[in-house]
Amino acid sequence: MRRLPLLALLWLLSAALPAAASGFGVGGPFALTTHEGGRLASEDLRGRPWVLFFGFAHCPDVCPTTLFELTGALAALGPEGEEVTALFVTVDPERDTQELLAAYMDAFDNRITALRGTTQETATVARAFRATYRKVPLEGGSYTMDHTAIIYLMDRDGNLFDRIDYLEDFDTQVEKLRRLLASG
Ligand code: NI
């Protein structure tokens, strides 16, 4: 696996939310297929806190790091963290088949569900979260994906509560998740 070029990494890190603090305009209706084959719609998440992250299974660096850190943060929450649903939405449904995602998710906390959509469904959910992604060709005919790399913390009403940035201090990540759990 090739590492992301520095410029691509900087692009990822700078892909900030226009309305990060207010939460207005982030989130919206979506319906996608889980790595276990079920359907999950945004309405199903009402009444519980949840987090969402965009990525792809072939990601060499950012996604596995984020998923491992999230796995650690969920563990650090203890029993009260059982309430949190975590969603990993693939921006590469072409390669991330349900079977591949099911195998990939084995490495992470079982509260994290991978979600896959059609090309159109993927575009819809990304637009709802003001996330960006694009295919970047690699030598030899393969490709990687650039994508927004923040974790969206969503409250029980489906509004943006906070965000966790890539490689944010681990204790801060846990603290933000605790505040999310304690909210409304
Ligand atoms: Ni990634």
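A residue counts as buried when its relative accessible area is under 20%. By that cut-off F54, at 1%, is buried, and this residue will come up again below. The model you are looking at is predicted. Buried residues make up 51% of the protein's 184 residues. Here is a friendly tour, from the overall fold to the nickel ion, the aromatic residues and a few backbone details.

**Overall architecture**

- The protein has five helices and nine strands.
- Followed along the sequence, these elements give the pattern α-β-β-β-α-β-α-β-α-β-β-β-β-α.
- Among contacts with a separation of 6 or more, 72% are between residues 24 or more positions apart.

**The nickel ion**

- Three residues coordinate the nickel ion: C59 through SG, C63 through SG and H147 through NE2, at 2.1 to 2.2 Å.
- Along the chain, these donors follow the spacing C-x3-C-x83-H.
- C59 has a relative accessible area of 7%, so C59 is buried.
- C63 is buried as well, because its relative accessible area is 0%.

**Helix 2**

- C63 is also one of the buried residues of helix 2, a list that reads V62, C63, P64, T66, L67, L70, T71, A73, L74 and L77.
- Helix 2 covers residues 62–77, and at 1.5 Å a residue its 16 residues should span 22 Å; the C-alpha atoms at its ends are 22 Å apart, so the two values agree.
- After helix 2 comes G78, with a positive phi near 75 degrees.

- In one of them, the ring centres of F54 and F129 are 6.0 Å apart and the planes are at 70 degrees; since planes over 60 degrees apart count as edge-to-face, the pair is edge-to-face.
- This pair links distant parts of the chain, with F54 in strand 3 (residues 50–55) and F129 in the loop between helix 4 (119–128) and strand 6 (133–137), 75 residues apart.
- F129 is buried, with a relative accessible area of 0%.
- F54 also forms an edge-to-face pair with Y152, at 6.0 Å centre to centre and with 90 degrees between the planes.
- Here too distant parts of the chain are linked: F54 belongs to strand 3 and Y152 to strand 8 (residues 151–154), 98 residues apart.
- Y152 counts as buried, because its relative accessibility is 0%.
- Together, F30, W50, F54, F129 and Y152 form one aromatic cluster.

**Charges over Y143**

- R95 lies over the face of Y143, 3.7 Å from the ring centre.
- K135 lies over the face of Y143 too, at 4.2 Å from the ring centre.

**T122 and its contacts**

- T122 lies in helix 4, and with a relative accessibility of 2% T122 counts as buried.
- Leaving aside residues up to four places away in sequence, T122 touches T90, V91, P93, G117 and Y133.
- V91 is 31 residues from T122 along the chain, and the C-alpha atoms of the two are separated by 6.5 Å.

- R130 has a phi near 55 degrees, a positive value in a residue other than glycine.
- R130 sits in the loop between helix 4 and strand 6, and R130 is partly exposed, with a relative accessible area of 34%.
- L167 likewise has a positive phi, near 65 degrees, and is a residue other than glycine.
- L167 is found in the loop between strand 9 (160–164) and helix 5 (170–182).
- At 53% relative accessible area, L167 is exposed, because the cut-off for exposed is over 50%.

Notes:
Residues numbered from 1 in each chain as written. Predicted model: local features only at pLDDT ≥ 70, side-chain atom pairs only at ≥ 80, totals over all residues. Heavy atoms only, no water. Donors = N, O, S within 2.8 Å, 3.2 Å for Na, K, Ca; no water. Buried < 20%, exposed > 50% of the residue type's maximum accessible area, 1.4 Å probe, protein only. Helix = DSSP H or I, 4+ residues; strand = E, 2+ residues; numbered from the N terminus. Expected span 1.5 Å × (residues − 1). Phe/Tyr/Trp six-rings, centres within 6.5 Å; stacked < 30°, edge-to-face > 60°. Lys NZ or Arg CZ within 6 Å of the ring centre and 35° of its normal. Contact = heavy atoms within 4.5 Å.
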